[in-house]
Amino acid sequence: MEKLEADIVIVGTGASGLFAALHVPNDKKVLMLTKSDVENSDSFLAQGGICVLRDKNDFDSFMEDTMKAGHYENRKESVEIMINSSRDIINELIGYGVDFATKDGELDYTREGAHSKPRILFHEDITGKEITSTLLDVVRKLENVTIMEYVTMTDIIEKDNVCYGVLAKDANNNEMSIEAGYTIFACGGIGGLYDHSTNYPHLTGDAIAIAIQHGIKLENVDYVQIHPTTLYTKKKGRAFLISESVRGEGAKLYGKDGKRFANEVLPRDIMTQKIREQMKKDDMPYVWMDMTVLGAEVIKNHFPHIYEKCLEEGHDCTKEWIPVTPAQHYFMGGIHVDKDSRTSMSHLYAVGETSCNGVHGRNRLASNSLLESLVWGKRAVVDLLKKEPAYTNDFDHLAKVTKSHQLSNQEKMYHDMVLEEIERERQARG
């Protein structure tokens, strides 16, 4: 088994992991692992945008919108941190070269479901790709950061509730142990556990399963968000998301009878419920969305990639209604972390969708995910730099012992373990 060493190992190369890496001093060695191609992270798929506090007068409204969408189960301290950090985060992104839409020389803002006013910055309908690809380009230029593609974390190496690194394997099943003073989980969501999801299929909640195995505290693992509008197709594979900002800009939803059945900017969970009720009433696997009311110019300029994808599926959304249906989208629960991304295990941090810092409560407000990921990715590094790194003379022995406990069907075991925990939590709530 090959042994590697780093000051920090970051498991995941999405927005939260990349932003964390960018805040590591250049005298510290960073290893970043990703199960797939570096660009196959859900951060690249985010269409709508990223929230930001418009001005001090927007704070109460932003707070209330987030809390209301989360059914007031949000951790208020975390929401305050996210909102108050938002403008600095946006300024950093612009400094790195992220190209947000502008109007008359000023940043342009759009609105999405459950937002009381426009506060979302965007880049066409591929904001996630614009942000994440820009961060990736900057990280790739850092001499202290090494990105390892097609490398899967299989376990953590720990003793007495202290994390000393991870076990991993490459695409050829070559095994390696990675000793690190600090470990950051930035592993993404759990969409790969579902038949219909907007997520990449390799995102299967491995970090959640590892946390269960090692007694690391979890939170709200049964809080799984369904996105109300994905493009209906009979083809198998990842569902294509029709951004909530499409409805925020004025697109309408209709049942089989051609009549509207709900307010299109309801929170996602309520919107999903309304759509499913209409689908059941109509005995149809989808409802209709009318984007034509936006006008061809708005569709082609603000939502060019949605327009192109619809054309690929045989729908010209500038001229006709398109079929949409709900699909699994986002994981609000995860590994419990505090305000500084610390898990219940020493020297182990979790950021992004794999973590639960309490921002989202029971239901995520649209376009808060990119912001939340960046805020807590940065906070993890700021915090860990205050600590002495974890180190043990026993690392090689611990790695061998951990490896000896792994089973041949570990991938399936992890898969089943996460789904069983989600169901257990769901039933416990009644």
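View 1. A cavity here is a set of points on a 1 Å grid over the protein atoms alone, where a 1.4 Å probe fits but cannot get out. Grid points are joined across faces, edges and corners, and the volume is the space filled by probe spheres set on the points. The largest cavity holds about 40 Å³ of space. Its lining includes Y330, F331, M332, G352 and E353. Also among the lining residues are S355, C356, H360 and E372. Lining residues have an atom within 4 Å of a point. Strands β15 (322–331) and β18 are the elements that give two or more residues to this lining. By residue type, the lining divides into five nonpolar, five polar and two charged. Ala, Val, Leu, Ile, Met, Phe, Trp, Tyr, Cys and Pro count as nonpolar, Asp, Glu, Lys and Arg as charged, and the others, Gly among them, as polar.

This is a predicted model: local features need pLDDT of at least 70, side-chain atom pairs count only at pLDDT 80 or more, and totals for chains, interfaces and linings use all residues. Residues are numbered from 1 along each chain as its sequence is written, and side-chain values use heavy atoms, with hydrogens and water left out.

**View 2. Strand β18 also belongs to an open sheet of three strands.** The order is β11-β16-β18, and the pairing is mixed. Strands are DSSP runs (E, at least two residues), as helices are (H or I, at least four), numbered from the N terminus. Two strands pair if DSSP finds at least two bridges between them. β11 (218–219) and β18 (355–356) stand at the edges with a single partner strand each, so one side of each is left without a neighbour in the sheet. β16 (residues 334–336) pairs with β18 in the parallel sense over two bridges. H336 has C356 of β18 as its bridge partner.

**View 3. Strand β2 (residues 30–33) is covered on both faces.** V30 and M32 lie on one side, L31 and L33 on the other, and all are buried. Buried means under 20% relative accessible area (1.4 Å probe, protein chains only). β1 (residues 2–11) pairs with β2 in the parallel sense over four bridges. Four bridges also join β2 to β7 (residues 145–148), again parallel. L33 is the bridge partner of V11 and of M148 in β7.

**View 4. E92 sits in helix α3 (residues 76–96).** E92 counts as buried because its relative accessibility is 19%. E92 touches F19, H23 and K378, not counting residues up to four places away in sequence. Contact means heavy atoms within 4.5 Å.

How values were computed. On a 1 Å grid over the protein atoms alone, a cavity is a set of points where a 1.4 Å probe fits but cannot get out, and a pocket is an open set with protein on both sides within 12 Å along at least five of seven lines; lining residues have an atom within 4 Å of a point. Buried means under 20% relative accessible area, exposed over 50%, partly exposed in between (1.4 Å probe, protein chains only).
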